[in-house]
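Visitor: I'd like to walk through this one and ask where the labels come from. Can you show me the model?

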Amino acid sequence: MTGAATEERDERVTLDLLTKKMDDFARERNWERFHSPRNLLLALVGEVGELSEIFQWKGEVPKGLPDWKDEEKQHLGEELSDVLLYLVRLSDICGVDLGKAALRKVQLNALKYPVNVQNNSNGDGGSEQPSD
Ligand SMILES: Nc1ccn([C@H]2C[C@H](O)[C@@H](COP(=O)(O)OP(=O)(O)OP(=O)(O)O)O2)c(=O)n1
């Protein structure tokens, strides 16, 4: 393993780190002009499509994906990462602090769906969630 690879493994992954990596990636290639809000949104949606293709036609799959091959899980990790990276980049380019916004949204969600009232329903007035 190279020194750089060892450093990467030991680095704590944060949204700030990913934001910086994406900024470096674009700047080093002079691709900043392509990373406009609209382009990034379309790229993000495209990657969500690629992520969906992995699950397409499989029917429901058990949590943890116990029957999936290592290559399939690795591919899943790549597509999940593409979605995350474009989301992080889109937020940065739009001047939104995604970490702060997400924490605030979690708090808003908790206020909207109080624990006792919503215990057994999916929160949209629909039917009960199936138990695991
Ligand atoms: N203009 C670009 C092009 C790529 N990327 C980065 C962000 C994504 O993580 C990844 C996307 O690369 P590809 O468009 O090559 O998509 P895939 O990796 O999914 O390849 P493919 O579509 O061939 O499966 O590269 C980027 O930041 N800006």
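What follows is a chat about the labels in this predicted model and the values behind them.

Visitor: Let's start with the overall layout. What makes up the chain, helices or strands?

Guide: Helices: the chain has 6 of them and 0 strands. Along the sequence, that reads α-α-α-α-α-α. Of its 132 residues, 6% count as buried. As for contacts between residues at least 6 apart in sequence, 75% join residues at least 24 apart.

Visitor: Why are α2 and α4 called roughly perpendicular to each other?

Guide: Look at the angle. α2 (15-28) packs against α4 (residues 70-93) at about 85 degrees, with the axes 9 Å apart. The label covers 65 to 115 degrees, so α2 and α4 count as roughly perpendicular. The α2 side of the contact is Leu15, Leu18, Thr19, Met22 and Asp23, and α4 brings Leu85, Val88, Arg89 and Asp92. By class, that contact has 5 nonpolar, 1 polar and 3 charged residues.

Visitor: Why does Leu15 count as partly exposed?

Guide: Leu15, in helix α2, has 17 C-beta neighbours inside 10 Å. Buried takes 20 or more and exposed takes 12 or fewer, so with 17 Leu15 is partly exposed. Not counting residues up to four places away in sequence, Leu15 touches Val88, Leu98 and Gly99. Leu15 and Leu85 are 70 residues apart in sequence, yet 9.3 Å apart in space, C-alpha to C-alpha.

Visitor: What makes the phi of Asn30 worth a look?

Guide: Most residues other than glycine have a negative phi. Asn30 isn't a glycine, but has a positive phi of about 55 degrees. Asn30 sits in the loop between α2 and α3. With 8 other C-beta atoms within 10 Å, against a limit of 12 or fewer, Asn30 is therefore exposed.

Visitor: How do you know whether Trp57 is buried or exposed?

Guide: Count again: Trp57 has 5 C-beta neighbours inside 10 Å. Exposed means 12 or fewer, so Trp57 is exposed. Trp57 lies in the loop between α3 and α4, and its phi is positive as well, about 70 degrees, although Trp57 is not a glycine.

Visitor: Which residues surround the ligand?

Guide: Phe25, Trp31, Phe34, Glu50, Asp82 and Leu85 do. This shell divides into 4 nonpolar, no polar and 2 charged residues. Phe, Trp and Leu are on the nonpolar list, while Asp and Glu are on the charged one.

Visitor: Last one. What does UniProt list for residues 36-102?

Guide: An unreviewed UniProt entry lists them as "domain: NTP pyrophosphohydrolase MazG-like". In the model, that span is 72% helix and 0% strand, and its end C-alpha atoms lie 22 Å apart.

Technical notes:
Residues are numbered from 1 along each chain as its sequence is written. This is a predicted model: local features need pLDDT of at least 70, side-chain atom pairs count only at pLDDT 80 or more; totals for chains, interfaces and linings use all residues. Helices (H or I, at least four residues) and strands (E, at least two) are DSSP runs, numbered from the N terminus. Axes are lines fitted to C-alpha atoms, for helices over the stretch in contact, and angles run from 0 to 180 degrees between N-to-C directions. Angles under 35 degrees count as roughly parallel, over 145 as roughly antiparallel, 65 to 115 as roughly perpendicular and the rest as oblique. Two residues are in contact if their C-beta atoms, placed from the backbone, lie within 7 Å. A residue is near a molecule or strand if its C-beta atom, placed from the backbone, lies within 6 Å of it. UniProt positions are given in the numbering used here, feature names are shortened, and annotations may be inferred rather than shown by experiment.
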